[in-house]
Amino acid sequence: MELKHIDITRLSVSSLNMRGTKKTCDIANILPSVRARGVLVPLIVREVRADSVGSGGEESEDGEHAPTYEILAGKRRFHAALAVVEEGGGIEDLPCAVIEPGDDAAALEASLIENIARLDPDEMTRCETFTRLVREGRDVDSIALTFGLTALQVKRTLALGNLVPRLRNLYRADGIDAVSLRHLTMASKAKQKEWLALHDDARATAPTGAWLKSWLFGGASIPVRAALFDLDGYKGEIIADLFGEDRYFACAEVFWTAQMEAIEARAEAYRDAGWDEVVIMATGEAFHSWEHVSCPKSKGGRVYVAIGHRGDVTFHEGFMTAKEARRLERGETLEKPIRPEVSSTVNAYVDLHRHAAVRAKLVEDPGLSLRVMVAHAIVGSGLWTVRIEPQKAPSDAVAESVENCLSEALFDARRRRVLSLLDLDPDTPTVTGSDPDGQGICGLVRRLIALDDAAVLRVLAVVMGETLDVGTGLIELLGEHISLDMVDVWQADDALLDAVRDSEVMAHLLADIAGEQVAAENGKATTKVKRGIIRDCLSGSNGRVKCDSWVPRWMAFPASSYTPRGGVGSAARSARIAAAGEHEVEAEAADDTEAGTEVSDDIEVDATLPKAA
């Protein structure tokens with residue numbers, strides 16, 4: 001290393017400088033000293049090679065190019081000197097320690113060492129610099145030796161490089177705590193982006209701290225030390241927590257498959273060793289010592305296997321229940337447990353293969369699949385949960401109106417016929433949720449297999465009706481698709497008219513039923529008077545012409561509103577359905593146009609063909 005004084009115009013900040021070339025730097029604390037005394041501490045620089053800058057520097061008096069230098073450490077001193085020059089003050093050539101050119105890794109090390117000695121860099125800056133050193137060929141051990149750190153400390157710093165840039169910037173801005181950030185180093189890029197989406201969503205809460213670790217692993221984080229199996233043969237991914245003592249299983253499902261196989265193998269070993277019974281308890285079920293007493297293997301003691309939610313397994317050897325112990329004290333004989341023919345692993349093997357075979361054949365039989373699906377919708381299963389639409393009404397008047405309407409009478413008649421098909425009591429309130437003979441889904445599938453396709457479809461139609469969600473866009477879509485005219489099934493009643501309290505809306509209803517002239521003549525009348533006129537028109541009383549076919553805009557298909565104020569659920573849903581339909585039509589039209597263009601290039605159209613009607 002050579003010490004020189006170099007003209008400030010021949011210096012520039014290197015891209016390898018740990019502080020970077022674009023970032024502004026705080027020179028407030030050193031500027032007064034540089035103004036008064038100049039730069040005293042040498043900058044660390046290296047000569048810029050001629051092939052990297054073109055001309056290789058400014059031309060000197062003797063015609064040769066004067067070399068230029070890049071600053072590896074001393075950016076703040078350099079900028080303070082520039083500030084003095086800009087202020088009009090004089091500045092002497094800057095003292096510089098010139099290192100050998102060409103070794104980027106050495107240059108990075110020099111920058112980092114000098115900067116650490118003078119102004120502690122933030123954690124992210126150190127990470128970025130270490131990462132660049134690795135790219136330049138330095139390994140973890142050499143970096144640790146150079147900077148007086150342990151290999152683990154270097155790995156922890158490098159782990160921060162696994163974070164997406166936005167997370168690193170968020171940490172720099174104190175937008176995320178250190179513990180949460182370190183947990184996120186164990187997450188994939190996709191999982192990190194998912195966390196950021198939660199962080200940005202004002203309606204959501206992004207997990208932090210211990211909750212974040214649980215969120216990353218899809219529940220309880222399972223440490224590697226919990227495994228009973230040999231990790232060398234484990235096929236799943238293991239994630240190291242460089243900021244903690246543990247490593248974790250990335251996929252709980254893969255872990256539990258391997259862990260349960262190991263538990264079963266240990267249980268089998270206990271049985272082979274002469275233990276009459278090995279009780280594998282349900283995951284999370286605690287073994288309570290006060291409910292058990294010690295009992296040796298020779299007297300019928302068991303092995304209890306307690307499994308924790310975080311994968312930990314405890315084998316409690318030589319116990320029986322306190323109740324059984326009291327029976328033995330009374331001289332009673334306990335029944336010796338019968339060892340099962342096959343282990344749980346064999347049972348799982350058999351079940352999975354039989355399941356695969358059945359469903360492979362089931363997809364070839366749509367009729368049978370339909371019956372099984374209908375049975376699932378009626379009875380449910382471990383994988384299916386179907387709920388009946390409760391048709392909750394805000395008042396007794398509305399509930400009575402719906403219960404007594406023609407549509408409900410028609411649906412109830414259909415339901416009774418389906419109940420009869422299934423040999424159920426006609427007064428059973430719903431088909432969905434019923435169990436004809438108490439045999440669950442199997443009994444119902446047998447009944448459906450005995451019915452022809454038309455009958456099964458009638459059952460399906462009623463079940464669909466019972467589970468059709470009220471107040472959704474699906475109602476609007478289906479009503480428009482089947483061209484439903486509410487005039488055929490609905491008549492205005494007091495439950496609706498009494499619920500309308502808005503004077504402007506009542507005026508619109510009056511114009512609908514009695515005409516614009518009557519509405520205008522009664523424009524200043526009270527809502528009660530307008531409601532009375534509407535009732536007279538609907539019933540044809542008090543000299544009014546009877547109106548038999550009135551349906552308010554809210555109830556028609558498609559629905560609309562009377563005022564621009566909004567708040568009409570059916571109208572808003574119809575508008576969304578219409579907008580979606582228009583978008584599809586436009587897309588189809590564009591596809592048709594494009595397709596038509598393609599066809600016209602290859603097919604000669606016969607002009608004599610008649611146009612489609």
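Two strands pair if DSSP finds at least two bridges between them; helices (H or I, at least four residues) and strands (E, at least two) are DSSP runs, numbered from the N terminus. This is a predicted model, in which local features need pLDDT of at least 70, side-chain atom pairs count only at pLDDT 80 or more, and totals for chains, interfaces and linings use all residues. Residues are numbered from 1 along each chain as its sequence is written, and side-chain values use heavy atoms, with hydrogens and water left out.

An open sheet of 4 strands runs in the order β8-β10-β11-β9, with mixed pairing. β8 (278-280) and β9 (292-294) stand at the edges with a single partner strand each, so one side of each has no neighbour in the sheet. Strands β10 (residues 302-307) and β11 (residues 313-321) pair in the antiparallel sense over 6 bridges. A306 has T314 in β11 as its bridge partner.

Axes are lines fitted to C-alpha atoms, for helices over the stretch in contact, and angles run from 0 to 180 degrees between N-to-C directions.

| Helix | Strands touched | Angle between directions |
|---|---|---|
| α12 (residues 252-272) | β8, β10 and β11 | about 165 degrees with β8 |
| α13 (residues 322-329) | β9, β10 and β11 | about 30 degrees with β11 |

Elsewhere, R573 is found in helix α25 (residues 569-602). R573 is buried (under 20% relative accessible area; exposed is over 50%, partly exposed in between, with a 1.4 Å probe and protein chains only), at a relative accessible area of 17%. Leaving aside neighbours within four places in sequence, R573 is in contact with G471, T472, G473 and E476.

Methods:
Contact = heavy atoms within 4.5 Å.
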